[in-house]
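Subject: Structure handover

Hello,

Here is the structure for you to look through. My notes on what was found in it follow below.

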Amino acid sequence: MATVVLNRPPRRRSYAQDMRGHHLTSSRACAVTVAALILAGAVLDYALYPDLMASFAVARVLAAAGVLAGLALLYTRFGCRHVHVVTFVWLTFPQLMIAWMIHVAEGEASLFYAGIILTIFAVGTLFPVGYLYTLAFGLLTLLLYWLACATRPGGITAPSQLLFHGTIVAFAVVGSTVYTYFDEQGRRLLFALKDELARKNGELERTNRDLAGIKGQLVQQEKMAALGTLSAGLLHEVNNPVNYCMLALDLALEDPAARASAHLAECLADARQGMARVQAIVSDLQTFAYRGDGATPDGRFSIGAAVDTAVRLARHELQAAGNVLLRRDIAGAPPVRGDEAAIVGVLINLLGNAAHALRQGAQARPEIVLTAAPAGGRLQVTVSDNGPGIAPEHLGRLFEPFFTTRAVGQGLGLGLSICYSVVQRHGGQLSAESVPGVWTRFRFDLPLAAPQHPGQA
């Protein structure tokens, strides 16, 4: 038996994938900025340590070269895949440069610790990475600053200044980390909102397409309804000429010339049979067109007669499906109670769907089987076919309004939902079973009519 399988939604880009390109662009822009600031810092060397400008200039050029090398690496496939690692490495060059300058200058008394703070804030603001990344970079910077002061030939000579400047650097690390944390949360929220908006837009686009298709189908349905209303008014008018023709043919068959000519009698008999077929079709259409006032159906009719009417009205669909074998096992079915016209409509829909499935499946020996048997005080009616079956993901949605697997313009998706409500109005249930590629079976039940007493019509 078919089981329902849920469709998995298409996989969307993750937050990390979405941010990778943004991180790459930010790292490249930040590298250019940092390299320019390193070289421009020669003005500070001139202001504070003019006697060390030459050695500081070499250090600045080397640090800027290291940053630019990292920038060049970011344009390679390796750098694009490992943008965070490459950025962390080139960011250490200015920190190493400043730490060395502090080491050879005044140690903990040097004002160059401000350059370290500037780099820490640059990581937290210019380069949008996670707070753990910023915290790790800040702790590395604190370690480099302590080593720059502690490894001087005289060691740490002003512990209070080291504590003061180190605390300022630590404050910068904490502030930058906190800022980065909340900035990251904001970016994640923005990503989630963008992702939700994209999903809603996709759903809205699909809904608009579906509504556009449904609108066209509804227009066609209105045309068919108007044609049906016009046809219902013409049925009575058609009956009159049909009856005249039947009477004329009966009189012609009694004429001595017709009795004397076997060929003429055969032609008149064929014409009368054709007119009888027209008369039966008109009668079936009148029965199908009739609808009650919506109250609980309480008519009495034979399911065999309803099946005969439905088969005649669905003959075109059955013939379009090819050489379909229609087997009926309804002999001896007791009368039922309900709205005969509505049940004929249900049978027409089920037969039409079966014929369409057989036509699509191109079976070697297409077959439709109708059965009716009493069970539990009700009549169980089944319509089965050996077509391609129903996909498991569609089986649970067959009776939803506007759900259809046919192409646009070939079905409105209301037939089975209307059939479901008709059967439900008769106190029964319409259900579907299918084995894909083997068979499909629709089953519904109707209330049995009360036995008639002698003398009742």
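**The sheet and its surroundings**

Strand E5 (residues 378–385) pairs with strand E7 (residues 439–447) in the antiparallel sense, over eight bridges. Two strands count as paired if DSSP finds at least two bridges between them. Helices (H or I, at least four residues) and strands (E, at least two) are DSSP runs, numbered from the N terminus. Within this pair, Val-383 stands opposite Phe-442 in E7.

This is a predicted model, in which local features need pLDDT of at least 70 and side-chain atom pairs count only at pLDDT 80 or more, while totals for chains, interfaces and linings use all residues. Residues are numbered from 1 along each chain as its sequence is written, and side-chain values use heavy atoms, with hydrogens and water left out.

E5 and E7 belong to an open sheet of five strands with mixed pairing, in the order E2-E4-E5-E7-E6. Strand E2 (325–329) and E6 are the edge strands, each pairing on one side only. From one strand to the next, the twist averages 15 degrees. E2 pairs with strand E4 (residues 367–375) in the parallel sense over five bridges, and Leu-326 stands opposite Ile-368 in E4.

E6 and E7 pair in the antiparallel sense over five bridges, with Ser-431 opposite Arg-443 in E7. Their hairpin has three residues between the strands, and Gly-437 there takes a positive phi near 85 degrees.

Ser-434 lies in strand E6 (residues 431–435). Is Ser-434 buried or exposed? Ser-434 is buried, with a relative accessible area of 0%; buried means under 20% relative accessible area, exposed over 50%, and partly exposed in between (1.4 Å probe, protein chains only). The Ser-434 side chain reaches the backbone oxygen of Trp-439 at 3.1 Å. The side chains of Ser-434 and Thr-440 are joined by a polar contact of 3.3 Å. A polar contact is a pair of N or O atoms within 3.5 Å; within protein, one must be able to donate a hydrogen and the other to accept it, and residues adjacent in sequence count only if both atoms are side-chain atoms.

**Helix H15**

In helix H15 (residues 415–425), the buried residues are Leu-416, Ser-417, Cys-419, Val-422 and Val-423. Gly-427, whose phi is positive, near 80 degrees, follows H15.

Regards

Conventions
Axes are lines fitted to C-alpha atoms, for helices over the stretch in contact, and angles run from 0 to 180 degrees between N-to-C directions.
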